[in-house]
Amino acid sequence: MTKPNRFASVAKKLLLLTWLCLLALPAQAERIREIANFAGVRDNVLVGYGLVVGLDGTGDQTMQAPFTGQSLTNMLSQLGITVPPGTNMQLRNVAAVMVTADLPPFSRPGQRLDINVSSIGNARSLRGGTLLMTPLKGADGDTYAIAQGNLLVGGAGAQAGGAQVQVNQLAGGRIPGGAMVEREVPLDLGANAGLLELELKQADFGTAQRVVNAINNEFGRPVAAARDGRVIALDGPTNPNSRVNFMAQVENIRVTPMEAPAKVVFNARTGSVVMNSAVTLRRAAVAHGNLSIVIDTRFLVSQPAPFGQGETVVVPDTEIELQEQDAYLRVVEGADLVDVVNALNALGATPSDLMAILEALKAAGSLRADLEII
């Protein structure tokens, strides 16, 4: 064995040893703020319809997008300008857009929000455009913010003489701080005699029990009680300032969550197969082989004899070949993730075949995990 090969072998062994050590490490404690949220403390989505003007001939074609012209006519009428009925406005610098934003909790009037602007017509580009005043409404239909400003489009493009080049997306843009909050979302924490609710991001009875014990140990008295596998009730202070201090202290308590259940995730579009460390394999025998069918068609020319009365014709000659790869039963078994990976790699299966093998192992009762397709 040469020296480089010896070094490569040692490096592979060290890498495998490091991976095994990482898998053997116990679950790390996390802050409660990373695994749970207080009920009601969340974002609210806003949406609005508006117009982008100032485009360099890349706006909507109003014949195919008549709503753009209607919107402009309505806006001009509100500004005191009357457009005669039936006027065909050949607009090229205007585009109809949808504006979206997230309203953070505890937002107050006058605060700024970042907004996303997306074309809904056939505009070629929104680059260089200006969004006109657009009301942003919530799910209840009330207006919570007003958006306006110059768009920032990350793409670029040009076309001439039938040739076109484009980099990134041109039909959407962003305006940092492009919306101003006009109305706050009412939120009264602790309105019910200081009662608060803590919601786990992933429902788990074991994790809920650990969170309750950690909170009660932190405060030295029973202030937390689990309602189910997700919601935990907290007996918080009624004073607003004391409540904020209480919530901050709760969020910073460290808890070791329960290990996630064994799961194998398939991505049917990309062929990816992902499994967590809890996946195990009971002893089973698997035979894996590929079946392929090859169809080859060749076209031959049939030429008649000289001075004959026949015609020259093209005759297809089709050959079908069936090939099946030899396969032998292999024993697969694994008590941890490393054993499972080694056992499956020994089959020499492609990701697509691996999905079928894992599904068969699950049906046979050997794979101790849930299957999920995304």
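**Note on the barrel and the nonpolar cores**

1. Leu126 touches Leu55, Ala95, Val97, Val117, Ser119, Leu151, Val153, Leu170, Ala171 and Gly172, leaving aside residues up to four places away in sequence; contact means heavy atoms within 4.5 Å. This is a predicted model, in which local features need pLDDT of at least 70, side-chain atom pairs count only at pLDDT 80 or more, and totals for chains, interfaces and linings use all residues. Residues are numbered from 1 along each chain as its sequence is written, and side-chain values use heavy atoms, without hydrogens and water.

2. Leu126 is also among the residues with the most contacts inside the largest nonpolar core, which has 24 residues. Such a core is a set of buried Ala, Val, Leu, Ile, Met, Phe, Trp, Tyr and Cys residues joined through side-chain atoms within 4.5 Å, buried being under 20% relative accessible area (1.4 Å probe, protein chains only). At least two residues each come from β3 (44–53), β4 (95–103), β5 (112–119), β6 (130–137), β7 (143–150) and β10 (172–181). β4 gives the most, five residues. Strands (E, at least two residues) and helices (H or I, at least four) are DSSP runs numbered from the N terminus.

3. A second, separate core has 23 residues, including Val223 and Ile232.

4. Six strands form a closed barrel in the order β3-β4-β5-β10-β7-β6, with antiparallel pairing; pairing requires at least two DSSP bridges between two strands. From one strand to the next, the twist averages 30 degrees.

5. β3 and β6 run antiparallel and are joined by three bridges. Val47 has Lys137 of β6 as its bridge partner.

6. Helix α3 (residues 66–78) packs on the sheet and touches β3, β4 and β6. The direction of α3 makes about 90 degrees with that of β3; axes are lines fitted to C-alpha atoms, for helices over the stretch in contact, with angles from 0 to 180 degrees between N-to-C directions.

Conventions: Buried means under 20% relative accessible area, exposed over 50%, partly exposed in between (1.4 Å probe, protein chains only).
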